[in-house]
Amino acid sequence: MSALLAVILPSCKTGTIDKSNPLLSDYNTPFNVPPFDRIWAKHYVPAFEKGMEQARTELDAIVASKKKPDYKNTIEAYDKMGSLLTKVFLVFSNQSQSNTNDSLQKIEVEMSPRLAAFQDEVKLNPDLFSRVKSVYENQDKFNLSPEQKFLLENLYKGFIRSGANLNLQDQDTLKAINQKLSVLTVRFNQNVLAETNNFKLIVDEKGLKGLPSSVVTTAAETAKEAGQEGKWAFTTQRPSIFPFLQYSPDRNLRRELFHAYTNRGNNGNEYDNNNIFAEIVSLRAQRAKLLGYESHAHLVLEPRMAKVPENVFNLLSSLWDKALPVAVKEVKEMQGIINSEGGKFKLEPSDWWYYAEKLRKQKYDLDDTELRPYFKLENVRDGVFELADRLFGLTLTPLQNMPLPHPDAQVYEVKEADGSHLGVLYMDFFPRESKRQGAWCTTYRNYHMEDGKAITPVASLVCNFTLPGKDTPSLLSLEEVSTLYHEFGHAIDFLSNKSVYNTIYQAWDFVELPSQLLEHWVTEPEVLGWYAKHYQTGEPIPSVLVDKIRKSAYFNQGFDNVEILAASMLDMVYHTMKAPAKINVQNFEKEYFTVLGLIPEIVSRYRTTYFTHITGEYDAGYYSYTWAAVLDNDAFEAFREKGIFDRATAESYRKNILEKNGTMDAMQMYVNFRGREPVIEPLLKNRGLL
Ligand SMILES: [Zn+2]
């Protein structure tokens, strides 16, 4: 039995713990990682229920206390509350995202509203709030550390933003809204997964023209799995659709595949997300109004760096004004190629990748297929490990005989330079139908202190990379290489955290700094020298290719910026709606992009009906990538000034930012590292927008 459960058990009101449920007993695994091989779908609901029951008992104990509220008996007790529930939730949510099935999807539908109701039960508990408020108002009496003050302030304000100050009638309305939202967001995400899995473009040999052989091999495998042996299948998953768009000269097939990609959730079938999303934004606007905020964005931005939507719009539109003319120029250049080839048509969105690839070849004599042989996944991964060593002295050693979240996953022990244990990291690289789109990094356990002892983190990095072929290993695109560095940056952040408490408050528009910062090393010649080795010969990447990569840094920047800015602004307009309204999502999108001046050759990086970021944690938050880009470009300058492997700079970055992340004000952390506030010029320079 874990120390944690031993503490909680005696006060348990009903029943005993079911020891046959691995989520409810001591894990008994190396580093106390979840025993994935023993956890079945049937274990989750009872574990969630036990977790809620224990949290209720802990809550009762806090509010029943006859002692005057102080930091220890209220804030610290609250921070410790619900540890079992969190433990169960983290296993479940990670598995739901990367390894789902019908049973887990059903549990998600069942548990999501129940967990939302439980959340409200806690946040709207008047006795708990009055104790928190009392501590907040008397904080000067408790001689608190800066970290304790930061936690208290965020906790108190979080209660208010969750409705603690509302009258009972309004609280009931709020609970009803939260119930509806919890159901709708789960349905939205499940629909996107279904729509992604349900479409396949099946082609015969004619449809393979121009495609690299590795892409063809994978397409044959996909067709075989879909029961179409002897044919080739392309899907709307990134490693399948984008090479096709890049290389297939067949306009109609490109159009068909791209149409399927950009219309996921918009097909008028049982998985249609139009009305679901309209209801989500309307309910969010209603909730914000109830809580006394101008809009949902005003509500969620309050604890972030940006503070108010105006600051976000200012940044996004200033970049938009610089990026749009660059994109227009790119269109002209590509139209020039079409015309010179005698094509009598105008460039369409589904043509972009094909002609951009031609343009890259023309301008920089660089072809994506030339690079991939140097980006074997295992080599790229080892290059990231080398960087972790050079910057922070960290080493990663593969662990054997460990339970895995999925048979495809790998697991590593992360150690400090002195050999001491820092944490555990899972990596799971390839797409499958049970995994959602994108790439992400999460945790199964966060760093915190328990009875004066450090509990080390367990992180998990999940991607959807190019699959290995029959005779070839997984060979990544340059974009995929950057993605691995990005997610590894998140992992380093999680692994480096040194928060005393369970509860941390990271400003959401700061979370992409550690990830995006690491991307800057990807194309540094010395770093390429470590990892970019030919998968067959082991030869390091030729310096002429390195030069071409460096020279083509501004390639397609108009498109890249416009695509992401359009999605960021779309998210913000939805969430700055001042009153609940029934919108028509397709019209709303179309009208907004017309007003914005989005050119017809570019589609927003995400269209609404599959924009899972904004039904997840990036609501009024997709701008975070751009906001943090100001920070990461400026932060990398600090390394440039002192040398990109300068240990003192890396150490300062780790101490001032990574270790503190979520326990102090984000701008203060940044200033402590950089000696000043960030400036935008490095971002503009690096993106060719000056
Ligand atoms: Zn990220």
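The model is predicted, so local features need pLDDT of at least 70 and side-chain atom pairs count only at pLDDT 80 or more, while totals for chains, interfaces and linings use all residues. Residues are numbered from 1 along each chain as its sequence is written, and side-chain values use heavy atoms, with hydrogens and water left out.

S460 sits in strand β9. Strands (E, at least two residues) and helices (H or I, at least four) are DSSP runs numbered from the N terminus. Show what surrounds S460: setting aside neighbours within four places in sequence, its contacts (heavy atoms within 4.5 Å) are L425, Y426, W440, C441, T442 and Y444.

Next, select residues 440-445, which form β6; six of its six residues are buried. β6 runs antiparallel to β9 (residues 458-462), and five bridges join the two; DSSP must find at least two bridges for strands to pair. Look across from W440 to find V462 of β9.

**The nonpolar cores**

A nonpolar core is a set of buried Ala, Val, Leu, Ile, Met, Phe, Trp, Tyr and Cys residues joined through side-chain atoms within 4.5 Å. The largest has 164 residues, and those with the most contacts inside it are F234, F375, F488, F510, W521 and Y531. Colour helix α14 (residues 309-340), which supplies the largest share of this core, 12 residues. Then centre on F375: beyond four places in sequence, the residues it touches include V380, L475, L528, Y531 and I549. A second, separate core has 49 residues, among them V45, V91, M402 and V458.

**Salt bridges**

The structure holds 39 salt bridges, each a side-chain nitrogen of Lys or Arg within 4 Å of a carboxyl oxygen of Asp or Glu.

Select D351 and R251, whose closest N and O atoms are 2.6 Å apart. D351 is in the loop between α14 and α15 (352-364), R251 is in helix α11 (residues 251-262), and 100 residues separate them. Both D351 and R251 are buried.

Now go to R605 and E563, a salt bridge of 3.2 Å, N to O. R605 is in the loop between α23 (585-596) and α24 (612-615) and E563 in helix α22 (residues 557-575), so the pair ties together parts 42 residues apart in sequence. R605 is partly exposed at 21% relative accessible area, whereas E563 is buried at 8%.

**Helix α25**

Select residues 624-642, the 19 residues of α25; the helix reaches 27 Å from first C-alpha to last, close to the 27 Å expected at 1.5 Å a residue (1.5 Å times one less than the number of residues). Of its 19 residues, 16 are buried, so α25 is largely enclosed by the rest of the structure. Just after the helix, G643 has a positive phi of about 110°.

**Confidence**

Finally, colour by pLDDT, the predictor's confidence in each residue from 0 to 100. The protein chain averages 95, and 98% of the residues score at least 70. Over residues 1-14, pLDDT stays under 50.

Definitions and conventions: Buried < 20%, exposed > 50% of the residue type's maximum accessible area, 1.4 Å probe, protein only.
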